[in-house]
Structure formats: C-alpha cells, structure tokens
Amino acid sequence: MSVDLGFWNGIAERYAALPVRDEDAYARTLDRVAHYLTPEQDVLELGAGTGTTAVKLAGQVKSITATDLAPAMLAIADQRAAEAAVDNLTTQVAVAQDAPEGPFDVILAMNLLHLLPDLTADLAAIAARLPDGGLFISKTPSLGEARVIKRMIMTAMVSVMQWVGKAPKTVSFLTTATLEQMIQDAGFEVVEVGDYPVSTPGRFVVARKISSVD
Ligand SMILES: C[S@@+](CC[C@H](N)C(=O)[O-])C[C@H]1O[C@@H](n2cnc3c(N)ncnc32)[C@H](O)[C@@H]1O
C-alpha cells in the first residue's frame, strides 16, 4: 500500500508545534469522546499523531494503544506521555489497516479518515478489531461539504500542494452523508454525530458495531 511515510515523518516536529486550531471545538470533541469511555476499556487510536488526544484521554480508560504510520510522530507521543506521567499508553508504528488486533473496546480515528487511500478496506479492518457493540469514534474534516466555489479552490490548492510534496498523497473531499454511509456499510450503526467546528466542518461520528464483517 502506498502511504505517506515521508510526508508525515517530515512534518512531525512542525505538527507538534502547531497550536490547536479551534480550542472550543477540540474541547467539545474531547468531552463527547469521554462520554463513551470507562475505566475498563482498552482503546486503540489510529493515526494518533503526536499523541495529544491519547495523552488527554488515557486517564479515563484501562489502556490506550496509540498507533500511527510515522515513527517521528509517535516519538513525540512517547515524550508527551512520559512528561504527563501517563503509564497506560503504548505506541506502535502501524498503518491503520495493520494496526494491532486487540481485542479493543473502542477505536478512535481523529482527523484521519479523509487521508486513507482505501477507506472501505480501512473501515472493514476497524470493524474486524471490535466486538459486537464495540465503539468506533471518529472526527473527519468533511471537505465535500464546502460550497462549490470554495471546494474548487481547495481542490486546486491541494493538488498543487501535493505536486510539490506539501500535502498528503490522499485527501478525500468526503461529504458527511458519504462518510456516515460508508461507516454503516462496514457494519456499524451511527449513535451520535456532531460538527466541531461547524464551519469546516469537523464531522464527529460515534458508531456502534452491530454485525461482524468479513
Ligand atoms: C492530520 S494528522 C492527525 C493526528 C491526530 N489524530 C490529530 O487529530 O491531531 C494525521 C495522522 O495520521 C497519520 N496517518 C496518515 N495516514 C495513515 C495511515 N494510512 N495509517 C496510519 N496513520 C496514518 C499521519 O502520520 C498523521 O500522524
């Protein structure tokens, strides 16, 4: 599978230094994720990046396994976990489809799904790692919801940036309807949605696994 290892490793330090773009939206997201977490759960995070979210949520669950394709991102996550004295967080380099098998009670994917070149296969792999009733919680920039002109401008900008190596190879312009349908088609029922922030929008989806998929 073609993945953006060079791109993500290369921007890890800069990504870590970026401030959270919208503090209110991020706080709201964390609050809604925390609503579903319990101290008995083993959690897997895909595309965990520099571990900001995993470190913040670790105290609310039994364990959290933060995975990412980029070792440079996870090196920063390890450092952050150590600084925060979090001892139930482990990191593992893995592309989403090859993430550890678990078993896990909850899988998180924050700002990741629009970057995956084969989202159908990735959603199937996520479903395969959860028991029936297990939760898949994601937040995804739904770039396909932008107005036509803005979408055309964004598409052109992303293409140019990809051409010069300044954007990931895959950036999908998903609509919220497409995203939610794909999650349902992978064997989930959607139990909560939200937009944090409303404007971009960052589509928050909580889905419960209802049936096993092959
Ligand atoms: C936009 S960042 C989001 C990081 C973090 N989840 C957050 O919300 O800040 C996307 C992350 O996904 C990782 N990534 C991209 N494609 C991936 C894949 N196929 N499998 C696993 N991780 C991937 C990148 O290395 C990067 O750390």
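This is a predicted model: local features need pLDDT of at least 70, side-chain atom pairs count only at pLDDT 80 or more; totals for chains, interfaces and linings use all residues.
In soluble globular proteins, nonpolar side chains tend to be buried together.

I will take Ala-54 as the example. This residue sits in helix H3, residues 52-57. Is Ala-54 buried or exposed? Ala-54 has 28 C-beta neighbours inside 10 Å, and therefore counts as buried; the threshold for that class is 20 or more. Setting aside residues up to four places away in sequence, Ala-54 touches Glu-45, Ala-48, Ile-64, Ala-66, Ala-77 and Leu-89. As for distance across the model, Ala-54 and Ala-146 are 92 residues apart along the chain, and their C-alpha atoms are separated by 29 Å.

Let me now turn to the chain as a whole. The protein chain comes to 7 helices and 7 strands. From the N terminus on, the order of elements is α-α-β-α-β-α-β-β-α-β-α-α-β-β. Along the principal axes, the C-alpha atoms fill a box of roughly 45 × 40 × 35 Å. Among contacts in the protein chain with a separation of 6 or more, 69% are between residues 24 or more positions apart.

Next, the packing of individual helices. Helix H5, residues 119-128, has as its buried residues Leu-119, Asp-122, Leu-123, Ala-125, Ile-126 and Ala-127. Against which elements do the buried residues of H5 pack? Their partners are the strands E4 (106-110), E5 (135-141), E6 (188-195) and E7 (202-209), together with helix H7 (176-185).

Two packed helices are described by the angle between their axes and the distance between the axes. For helix H1 (residues 5-17) and helix H4 (residues 71-83), the angle is about 35 degrees and the axes are 7 Å apart. On the H1 side the contact involves Trp-8, Asn-9, Ala-12 and Ala-16, which meet Pro-71, Ala-72, Met-73 and Ile-76 in H4. By class, this contact has 7 nonpolar residues, 1 polar residue and no charged residues.

Trp-8 brings us to the ligand. The ligand is surrounded by 20 residues, of which the closest are Trp-8, Gly-47, Gly-49, Ala-96 and Asn-111. The shell divides into 13 nonpolar, 5 polar and 2 charged residues.

Asn-111 leads on to the backbone geometry. Most residues other than glycine have a negative phi, and most peptide bonds are trans. Asn-111 has a positive phi, near 60 degrees, and is found in the loop between E4 and H5. With 15 other C-beta atoms within 10 Å, Asn-111 is partly exposed. Ala-85 also has a positive phi, of about 55 degrees, although it is not a glycine. Ala-85 lies in the loop between H4 and E3. Why is Ala-85 classed as exposed? The reason is that Ala-85 has 6 other C-beta atoms within 10 Å, and a residue with 12 or fewer is exposed.

Finally, the cis peptide bonds. One joins Gly-102 and Pro-103, with omega about 15 degrees; Pro-103 is in the loop between strand E3 (89-93) and E4. Another runs from Tyr-196 to Pro-197, with omega near 0 degrees; Pro-197 is found in the loop between E6 and E7.

Note on methods. Residues are numbered from 1 along each chain as its sequence is written. Helices (H or I, at least four residues) and strands (E, at least two) are DSSP runs, numbered from the N terminus. Two residues are in contact if their C-beta atoms, placed from the backbone, lie within 7 Å. A residue is near a molecule or strand if its C-beta atom, placed from the backbone, lies within 6 Å of it. Ala, Val, Leu, Ile, Met, Phe, Trp, Tyr, Cys and Pro count as nonpolar, Asp, Glu, Lys and Arg as charged, and the others, Gly among them, as polar. Axes are lines fitted to C-alpha atoms, for helices over the stretch in contact, and angles run from 0 to 180 degrees between N-to-C directions.
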